[in-house]
Amino acid sequence: MVDTSDEWIRQRTGISERRIAEDDVATSDLCIHAARWAIKNAHIDPLDIEMILVATVTPDRFFPSTACYVQKGIGAKNAAAMDISAACAGFLYGLDLADGLIRSGRYNTILVVGGEIFNKIVDWNDRNTCVLFGDGAGAAVVQATDESKGILASYIGSDGDYADVDLLGIPAGGSRMPVTIQMNGREVFKLGVRLMPEAAQRVLRQANVSVEDIDLLIPHQANLRIIEAVGDRLGMPREKVYINVDKYGNTSAATVIIALDEAIREGRAKPGDLLLLVTFGAGLTWGSTLLRL
C-alpha cells in the first residue's frame, strides 16, 4: 500500500510486529478484557471500585464515554466513570488523577485503564503513520496503602502551543473529512527526546531520588530511536530500559501499562524495585510517575 519494506520499518522504528483488532472489536472490548485481569490480580470485587478512568483517543463513540461501557462490562456498578483524552500520556494522567483522589481521602479504589484501537483511524496510505501504531489495552487497580510502596511521586504537564494537528493529531472528523491521524515525525522526535527526560528529572527531584536509584525505566513505546535517546539523556544503562515496541508498536495511551504489566510478568520488575514511568503525547502532553513495587 505504501513505499516501504520490513527492513525499513525495523531500522527506522524498531517495530517488527503489531496487534490489529478485528473489525467488530471496539476499544472498550480491549479495556474490559484488561480490566478483568487487573481486578483478578488485585483480588478485589468489581463492586469495590469507586472510580473508573479510561485513557483513550479512540473511544467507542464521542459519547457516552468508553469508561461507561467498561463499567458495564466489568459490573462495577458503584463506580463513577469518565474518559481522559491526553493521547499517549493518557495513562499517566490517569495515574496522577487517581493518586490525587486517593490521597484526598475521598476514594480508596480506582481502576485506571489505557486502551486504543488505532487501526481504524490510521491512513494506511501514509507511510509516516501507518507503520507505527498498534491496538491494545492495559489496566491497573490503584488503592490506598499504609506501606512504603506504590506511587511515590507523579507529575503531568502540557503545552497548548503545540496543539497544531500538523504536528500530531486528528485534523477532522465526519463524512466530509474522515478521521485520520497525521504526524510530523521529525518534530515529534525532537520534542519527545527533550520533554520525557525533563519530566523524568522533575519527578525524581520531587521524591529526592537519583537516576542511579532507578531499577527500571519504562518509557512510552513510541519508537526505538526515541526510547534509546531518552534513556541516553537520562544516563540509564540500556539493560535498565524496558522495550517492547518491537512486539506491539505504538499503542498510545496503552504503551506504558502494557509494558509495566509485561515487565512484571517477565520478572524484569520485582517487588521492592523502584520504577520510573515516563511518556508524552499530542497536545503536547507529558507525564512521569515514580513507583515502588
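The model is predicted, so to speak with care, local features need pLDDT of at least 70 and side-chain atom pairs count only at pLDDT 80 or more, while totals for chains, interfaces and linings use all residues. Residues are numbered from 1 along each chain as its sequence is written, and side-chain values use heavy atoms, with hydrogens and water left out.

Let's start with the overall build. The chain has nine helices and 10 strands; these are DSSP runs, numbered from the N terminus, with helices being H or I over at least four residues and strands being E over at least two. Along the principal axes, the C-alpha atoms fill a box of roughly 55 × 45 × 35 Å.

How much of the chain counts as buried? The share is 52% of the 293 residues, where buried means under 20% relative accessible area, exposed means over 50%, and partly exposed is in between (1.4 Å probe, protein chains only). Of the contacts with a separation of 6 or more, 73% come from residues 24 or more positions apart; a contact means heavy atoms within 4.5 Å.

Now for the charges. There are 29 positive and 38 negative side chains, and the centres of the two sets lie 1 Å apart. Lys and Arg count as positive and Asp and Glu as negative, without His and the chain ends; each charge is placed at NZ of Lys, CZ of Arg, CG of Asp or CD of Glu. The structure holds 12 salt bridges, meaning a side-chain nitrogen of Lys or Arg within 4 Å of a carboxyl oxygen of Asp or Glu.

One of them joins Arg-19 and Glu-17, at 2.8 Å from N to O. Arg-19 is partly exposed at 36% relative accessibility, and Glu-17 is partly exposed at 38%. Another pairs Asp-99 with Arg-103, again with closest N and O atoms 2.8 Å apart. Both sit in helix α4 (residues 90–103), and because they are four residues apart, about one helical turn separates them. Asp-99 is buried at 15%, whereas Arg-103 is exposed at 56%.

Further along, Arg-238 and Glu-228 meet in a salt bridge of 3.5 Å, N to O. Glu-228 lies in helix α7 and Arg-238 in the loop between α7 (224–234) and α8 (245–248), so the pair ties together parts 10 residues apart in sequence. A network of salt bridges links Glu-228, Asp-232 and Arg-238.

The loop between α7 and α8 also holds Lys-240, which is partly exposed at 26%. Leaving aside neighbours within four places in sequence, Lys-240 is in contact with Glu-212, Ile-214, Asp-215, Leu-216 and Leu-217.

Finally, look at Ser-28 in helix α2 (residues 27–42). Ser-28 is buried, with a relative accessible area of 5%, and touches Asp-60, Thr-66, Tyr-69 and Val-70, not counting residues up to four places away in sequence.
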